[in-house]
Amino acid sequence: TATLSYNMQKLMQNRKKGASMASVMKAMKMSTADQLKHLKYVQSYNYSVSVGVNSSSIDPVKVSNSSSSNTQQGTPPGGTSSSGSAQNKMTETSFSVSGNTTMKKLSSFTNGSYKLTSGRLLNSSDDGKNYAVISSALASDNDLKLGSSFKVYSTTSSGKKTYVTLKVIGIYKIQSSSASMDNMSDRQNPYNTIYTPLKTAQTLNHSTTTITSATYYLDDPVH
């Protein structure tokens, strides 16, 4: 595989002392990522967008009674804001929406860390549909099952809220996780990650032309 994502070391070099990471980050455009997906040895690809959201209809799985929300909305690898728009500012969020072109080759599922227990994973044909795949803990805590619907929303710096109603089509169990639960916020808790099609996450992230990262799955050139 090959992954196109932010060069965090380069970003830190370009950052002025005391400046926020968001001030030096530029949006990763889908048009740039699209230039690579048709290369000779690219068999398939996955674009992803991560964005923090809240909900008035479900509650997050708590790490502890004192766990707090994360104050970053759009998050690429490294935990900094991913949106190219000035709208995507700091706001408290309790869930992380992970939008993907397809979940077929996500490492947490292919390496056995996460196991689908009911329903199905998202694929490329789901793009444009407001579907969700959630953890069994989140489902249990909120009495959700296959076919259940719940609403999430993101907030711009001006306070404008974007609401999306999601329908549960898959539930997975976390078999193992490398994430440390020490001082973890609700949003950082892997049980509170909600997988959606890419366009759904882009809508919540207030940018339909940018992504967080792109992963390309390559053919073996020997064959």
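These are my notebook entries on a few spots I looked up in this predicted model.

**Entry 1: strand 6**

I started with strand 6, which covers residues 131-135. Four of its five residues are buried, so I jotted it down as mostly covered, buried being under 20% relative accessible area. Next I looked for its neighbour. Strand 6 runs parallel to strand 8 (residues 161-174), and five bridges join the two. I picked out one of the pairings: Ala132 has Val168 in strand 8 as its bridge partner.

**Entry 2: the cores**

Which residues have the most contacts inside the largest nonpolar core? I found Tyr47, Ile134, Phe150, Ile194 and Ile211, in a core of 30 residues. Strand 3 (residues 42-53) gives the largest share of this core, with five residues. Another core, of 10 residues, lies apart from it, and Met103, Tyr114, Ile169 and Tyr172 are among its members.

Leaving out residues up to four places away in sequence, its contacts include Phe95, Ala132, Ile134, Phe150 and Leu166.

**Entry 3: Tyr172**

Back to strand 8, where Tyr172 lies. Is Tyr172 buried or exposed? Its relative accessible area is 0%, so it goes down as buried. Once residues up to four places away in sequence are left out, Tyr172 touches Phe109, Tyr114, Val133, Ile134 and Pro190, among others. Its side chain also reaches the backbone oxygen of Thr193, at 3.3 Å. I looked at Leu138 too: it is 34 residues from Tyr172 along the chain, yet their C-alpha atoms are separated by 9.8 Å.

**Entry 4: salt bridges**

How many salt bridges does the structure hold? I got two.

One joins Asp186 and Lys62, with the closest N and O atoms 2.8 Å apart. Asp186 is in the loop between strand 8 and strand 9, while Lys62 is in the loop between strand 3 and strand 4, 124 residues apart. Asp186 has 1% relative accessibility, so it counts as buried. Lys62, at 48%, counts as partly exposed.

The other joins Arg120 and Asp126, and here too I read 2.8 Å between the closest N and O atoms. Arg120 is partly exposed at 33% relative accessibility, whereas Asp126 is buried at 1%.

**Entry 5: Asn189**

Last stop was Asn189, in the loop between strand 8 and strand 9. With a relative accessible area of 1%, Asn189 is buried. Its side chain reaches the backbone oxygen of Val61 at 3.0 Å.

Methods: Residues are numbered from 1 along each chain as its sequence is written. This is a predicted model: local features need pLDDT of at least 70, side-chain atom pairs count only at pLDDT 80 or more; totals for chains, interfaces and linings use all residues. Side-chain values use heavy atoms; hydrogens and water are left out. Buried means under 20% relative accessible area, exposed over 50%, partly exposed in between (1.4 Å probe, protein chains only). Two strands pair if DSSP finds at least two bridges between them. A polar contact is a pair of N or O atoms within 3.5 Å; within protein, one must be able to donate a hydrogen and the other to accept it, and residues adjacent in sequence count only if both atoms are side-chain atoms. A nonpolar core is a set of buried Ala, Val, Leu, Ile, Met, Phe, Trp, Tyr and Cys residues joined through side-chain atoms within 4.5 Å. Contact means heavy atoms within 4.5 Å. A salt bridge is a side-chain nitrogen of Lys or Arg within 4 Å of a carboxyl oxygen of Asp or Glu.
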